[in-house]
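Student: I am new to this structure. Please take me through one part of it closely, and then show me what surrounds that part.

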Amino acid sequence: MDCLSFSSEKLCSSELFDSTDVEEMEEERIGKCAEDLEINPFDRLPFSSRYYKLLKEREELPIWQMKYAFMESLHHHQIVIVSGDARTGKSSQIDPFCLSFFTFKVPQWCAEYSLASHFQHGAIVCTQTCKHAAVWLALRVADEMDVNIGHEVGYVVPYDNCCNTETILRFSTDDMLQREMMSSPLLSSYGIIIIGCVLERTVPTDVLLGLLKDVLILRPELKLIVITSLQLSSKLQAYYGTVPLIRVGSQYQTEVAYTSGIQKDYFFSALRLLFDIHNSKRRGDVVIFLACEQEIGNAFWIIQQEGHHLNPDLGELFPVPLFPNEQERILKSNEEKPCKNYRRKVLLTTSMGESLVLSKTVSFVIDTGIQRQKVYNPRIRADTVVIQPISKSQAEMRKQILGMSSSGKCFCLYPEEFMEKEMKPLPPARIQESNLISMVLFFKRMDIAGLGHCDFMDRPDPESLMQALEDLDYLAALDNDGNLSEFGIIMSEFPVDPQMSKSILASCEFDCVEEMLTIAAMVTAPGCFVNPPQGTEEIAATCRQKFLHPAGDHFTLINVYKAYKEASTNAISQYYDIEKWCQDYFLNCSALRIAEAIRNELVDIMRRIELPISAPAFGLNENVLGIKKALLSGYFMQSARDVDGSGNYLMLAHKQVAQLHPLSIYYNSSRIPEWVVFHEFSIAENNAIKIISAISPDLFMKLVPQYYFSNLPPSESKAILQEAINHLSHISGADKGQKTIIEDRGFEKYPEIPAEQRCIIQ
């Protein structure tokens with residue numbers, strides 16, 4: 001009764017006041033509510049309820065306690081280094097698939113810092129090594145800042161720009177920011193630059209770290225934030241001098257179990273351990289670090305097959321392949337379906353896949369401790385495979401994946417003493433193991449702006465630098481003084497490798513621009529053909545036959561793209577699924593969409609620099625010949641000859657022998673061409689040449705620079721080419737009224753100048 005009477009009094013309390021007093025009280029209450037609605041300073045709109053929910057989550061992270069120290073350091077210093085474990089708030093999880101070591105707290109604090117000065121020194125840019133990470137982070141940060149993506153917060157990644165003139169915080173890949181320096185060397189539109197994922201030191205990352213040292217001197221108002229792991233922070237401090245370090249530790253200690261000896265069959269040992277964990281009925285997702293991407297595919301298939309034989313009461317094993325290099329999940333058959341029982345995700349990745357894995361649901365990590373690393377060999381212009389232990393920093397990162405779980409466990413398939421004695425402190429920088437021709441072209445372009453010299457944290461391989469200079473000289477990108485030629489300036493405008501840039505420019509002369517742009521897009525995008533599941537190989541081969549072109553793989557790629565575009569158009573009018581069409585033909589739909597975006601950007605560049613685009617004429621004999629000429633103009637250094645008629649191709653530039661890739665139209669064919677031009681040669685992939693097309697010696701000699709031919713090592717192939725020169729010279733002498741392409745190319749004009757004398761390092 002007391003409660004009832006109290007409620008009655010409360011309901012009737014308004015009777016104690018007259019109507020005027022009630023109206024005044026209501027106005028006062030509304031005014032107080034309006035005051036309680038905080039206004040977002042970035043878009044001048046009230047904060048949503050979700051903002052406060054996310055704010056509460058952020059305040060519980062360890063790094064939140066360091067916000068004041070970070071803001072103080074940013075105010076008093078030009079460079080700040082932030083380091084910490086994977087779970088300290090520098091990064092966050094994405095469900096159902098995970099990313100780690102990607103900054104999203106620091107950019108928001110930088111935005112608050114710049115807001116106080118009304119962004120007078122420019123906007124904020126945060127780089128990532130992976131475009132998918134940049135996009136996801138932009139979406140996440142826009143959500144936490146309670147603003148719209150594409151307005152206050154946006155992203156710029158290859159072939160996708162989601163920013164406008166009002167964007168104050170943008171996420172970008174490191175290569176996109178590097179390309180931006182070609183038009184704005186001092187990056188004057190930015191007031192704060194954040195370099196993230198420094199442990200994954202790609203070539204553009206190291207270039208940015210070096211060039212920004214000079215930019216900071218020229219722009220004292222510019223701020224640089226470098227976010228890295230604990231293992232690399234001391235090296236960065238020594239590199240940049242006396243700079244503050246904001247260091248945050250993890251909340252939990254991870255339980256680690258080592259083996260008593262080296263596991264020779266580490267692959268099956270890891271899978272056996274996975275099934276043991278699953279049978280133990282302990283809940284939690286599993287991460288397995290394997291040695292290479294091929295092992296990811298093998299493990300994916302084995303887990304799928306063995307999963308059908310497991311006790312259904314234990315739940316389902318759900319494999320998720322994560323490819324760090326391709327950044328695309330090629331295997332599509334693992335799309336989530338409704339599951340009645342418990343589902344355990346098994347994330348399969350490789351070296352440098354640590355940044356793709358971070359989830360609160362991960363309870364087990366299986367670390368094989370081995371990696372198969374591709375290392376570029378400049379002497380043979382190919383990638384070789386090096387099997388080696390991972391670094392100590394990588395091993396620590398893998399343990400830190402469990403940093404938010406107090407019950408997680410990391411299984412290391414190697415002894416603890418192996419880590420101490422055999423593992424290096426840090427992984428090697430990619431700038432010491434990669435083809436540097438694109439980097440050298442970029443620096444030659446930056447010479448024009450006075451920023452051609454760079455203080456690298458780790459010096460590039462001198463032999464790779466010389467090989468890159470030599471190749472650029474052969475491509476006519478350099479003048480006789482070693483500076484960038486006008487031709488080289490145009491080549492640097494295209495976001496493809498310099499050889500392809502040369503082929504695109506040559507296609508303007510040979511009236512095959514439309515076709516060459518398609519080839520450039522298809523070879524730049526991930527592979528369009530999907531590895532067929534076991535038992536469907538014959539069906540996939542039959543489907544692939546529909547796209548084959550007798551002239552070679554480059555022409556087959558054109559057929560694939562044309563079929564995809566036609567199917568996309570029909571899908572709109574006839575209401576069918578283009579992804580289903582790609583699946584039926586064993587094609588990678590996401591790769592074809594990327595190729596479409598790449599081609600559109602290349603067309604825009606052609607129009608911007610006012611280069612002619614010829615009408616499409618694919619299928620005509622003249623067009624096929626023009627495409628081969630354009631390809632040889634850029635890829636004459638990647639030519640080979642079948643020395644025995646069985647598909648053993650000897651490289652012209654060196655005496656390395658390679659075989660045809662299984663996806664080539666000439667593989668297992670009775671009509672193997674004697675002379676071919678190829679797009680890629682990799683010892684890492686069964687010593688194979690990929691994407692090849694047939695050529696002739698006469699066509700090769702019409703397009704190759706004379707000084708390149710003179711520098712070729714003596715061989716039977718060179719003797720055959722010399723006969724082609726004599727044959728062409730004879731034809732030229734018989735018809736004095738016409739100039740042949742050989743005369744245009746200047747075979748008599750150019751002396752035999754050694755390449756090392758022509759390539760001058762500035």
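**The nonpolar core and its surroundings**

Tutor: Start inside. The largest nonpolar core has 120 residues. I193, I504 and F700 have the most contacts within that core. This is a predicted model.

Look closely at I504. Leaving aside residues up to four places away in sequence, I504 touches F494, V496, M516, L517, A520, L602 and M606. There is also a second, separate core, with 36 residues. V82, C110, L169 and I225 are among them. As a general rule, nonpolar side chains in soluble globular proteins tend to be buried together.

Now step back to the whole protein. The protein has 762 residues, and 54% of them count as buried. Its secondary structure comprises 28 helices and 21 strands. Take the contacts between residues at least 6 apart in sequence: 74% of these join residues at least 24 apart. The exposed surface comes to about 35100 Å². Carbon and sulfur atoms supply 51% of that surface.

Next, find a sheet. Six strands form an open sheet with parallel pairing. Their order is β9-β16-β13-β10-β12-β11. β9 (255-258) and β11 (316-321) are the edge strands, and each pairs on one side only. From one strand to the next, the twist averages 20°.

Finish with another helix, α3, which spans residues 49-59. Its buried residues are Y51, L54, L55 and R58. They lie on the same side of α3, because they cover an arc of only 110° around the axis. What covers the buried residues of α3? The cover includes α5 (106-116) and α6 (131-145).

Technical notes: Residues numbered from 1 in each chain as written. Predicted model: local features only at pLDDT ≥ 70, side-chain atom pairs only at ≥ 80, totals over all residues. Heavy atoms only, no water. Core = buried A, V, L, I, M, F, W, Y, C linked by side-chain atoms within 4.5 Å. Buried < 20%, exposed > 50% of the residue type's maximum accessible area, 1.4 Å probe, protein only. Contact = heavy atoms within 4.5 Å. Helix = DSSP H or I, 4+ residues; strand = E, 2+ residues; numbered from the N terminus. Areas by Shrake-Rupley, 256 points an atom, 1.4 Å probe, with all protein chains shown as cover. Pairing = 2+ DSSP bridges. Axes fitted to C-alpha atoms, helices over the stretch in contact; angles between N-to-C directions. Arc of directions from axis to C-beta.
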